Each structure stands twice: as C-alpha cells, then as structure tokens.
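Me: I have a chain on my screen and would like to walk through it with you. Could we take it one question at a time?

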Amino acid sequence: MDRLKDKVALITGGVAGIGLGIAECYIREGAKVVLTANHNVDGGKKAVEKFGDDKSLFVQMNVADEGDWQDTIQKTIDKFGKLDILVNNAGVGGVNGPVESLSLKDWQQTIDINLTGNFLGEKYAIQAMKKYSNAKGSIINISSVAGLVGLPLSPAYSASKGGTRLLTHATALSLAQQKVDIRVNSVHPGWIATDIVPKEYEKQIVSTIPVGHMGEPVDIGEICIYLGSDESKFANGSEFVIDGAQRA
C-alpha cells in the first residue's frame, strides 16, 4: 500500500464527501496530505486527528481568494517541504434555476469557487512544483459529468465544470509544450453518495444509473490514486468519467 509513498498532496475541500474519500485513499497509499475547507473547520480538525499530524495538515481557506492560496501553499512547504499533487476538489452546487432567472451575484459565486479557484490552484501549485519538486507533479481537477453535458437548471455549475474541463486541457498542453513534467487531468464524477444528495430523490436518481447504485467517495479516491502516482506518467490532458455507465 505505498503507491503514493513520500508524495505530498494538497486536497481542497478535503475534509468531507468526495474530498475526504480521496484523502483516505491517499493516506492508505502512503501520501502526506494537506486538507482545506472554508467553513468545515471541525471536519478539518477531525481529519487530522484521524490521520495524524505527522501525515496531515488542515488549513482553512477560501479557494476563490488568491492570498489564501499563497498562504496555503507556503504552509504546505513549511510542513512537508514540497508539493507533488494538487487535487482541485472544492466546489459548490450553486443556485439552481433557468439562466434568465439567475442573479449575477449567484452566477459569480459559483464561477469564483468552482472555476477561478481551480485556476488559482493550478497557478500556485505549478509554481511550487517547479521550485520545490524538480518541476514534476500531478494536478487533478475534479469536474463533473455536468462538465460534459449541461444541466438545464444548473447553468453556472455546468459552465464552471465545463470551464474546468477545458482549463485542464489548456494547462496540460501548455506544460507539455514547455517540456515540464507536471501532468494535468480531470475527473468527472456522476452521482456519488454524499450528504449533499437529497434523500427524497435518491431512488429516482439510482433509477437513472445503469449499474443500479450510486458511487462512493472512495470510487473517486481510487482513480485519483492512479492519477497522482507515477503509474499514470503518460496520462495527460485526459478526462476520466466515473459515473456507473450513465453516459455510456
């Protein structure tokens, strides 16, 4: 269980749901993790208690704030000396409704967190990987199946996840053309069983999934192990859909 041995990973939104599932998989495989959250401070403290402060660090941050990114990266370097993996996982569902009824404020909040946050993460992670990790590393952007097919009542969410998909492509190509060995890939989860899934719609949701059940956070964690490890050295600029054959 050492596919990520000696690697340092920063996982935004890493204290609950999919992010915590990724963190648990990373710890299992020998990585050290830096976990962030903007509001769930208790979840961050519990995660560090569970994983141990020799293997983990919690930093409260707003991913849409550039200063917070600079601070979090520095704390990562101060604690573990390098950064090998960034998982841009933090995100919000935003306000639902037809585009013509959406306020600019609600649109901007979703874009700021889900897309601008990923841009800032890439920017400062690449700088740190170049400086402290011999210009080598892996960036994993957690998008969504909504980044591949738009959701009619989630225009901002769909735009943010589609933007993340193409940000991934552009960054991967830019780094590859510079001959920088930092890979960038996106993961597109379908329905994953977390607290944000409305219980009253669970049966209806499952009926749309060909395999007959929702995924679990660990299902996203397992693919992120592969993408964070040296096993995926030729995977770059790619999209990994984890949706129980919903889009097959």
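Predicted model: local features only at pLDDT ≥ 70, side-chain atom pairs only at ≥ 80, totals over all residues.

Me: Is T76 buried or exposed?
Reply: The scale is relative accessible area, with a 1.4 Å probe and protein chains only: buried is under 20%, exposed is over 50%, and partly exposed lies in between. T76 has a relative accessible area of 0%, so T76 is buried.

Me: Which residues does T76 touch, not counting those up to four places away in sequence?
Reply: Contact here means heavy atoms within 4.5 Å. Leaving out residues up to four places away in sequence, T76 touches V8, V34, G81, K82 and L83.

Me: How is D71, which lies in helix α3, classed: buried, partly exposed or exposed?
Reply: D71 belongs to helix α3. With a relative accessible area of 33%, D71 is partly exposed.

Me: What arc do the buried residues of α3 cover around the axis?
Reply: W69, T72, I73, T76, I77 and F80 are the buried residues in α3. They sit on the same side of α3, because the arc they cover, taken from the directions from the helix axis to the C-beta atoms, is only 135°. In general, an α-helix has 3.6 residues a turn, so residues three or four places apart point the same way. For α3, the arc asked for is 135°.

Me: Which elements do the buried residues of α3 pack against?
Reply: The partners include strands and a helix. They are β1 (8–11), β2 (32–37), β3 (56–60), β4 (85–88) and α4 (104–132).

Me: Which residue follows α3 and has a positive phi?
Reply: Phi is near 85° at the residue that follows α3. That residue is G81.

Me: What is the radius of gyration of the protein chain?
Reply: It is taken over C-alpha atoms, and the globule rule is 2.2 Å times the number of residues to the power 0.38. With 248 residues, a compact globule would come near 18 Å, and the chain agrees with that at 17 Å.

Notes. Residues numbered from 1 in each chain as written. Heavy atoms only, no water. Helix = DSSP H or I, 4+ residues; strand = E, 2+ residues; numbered from the N terminus.
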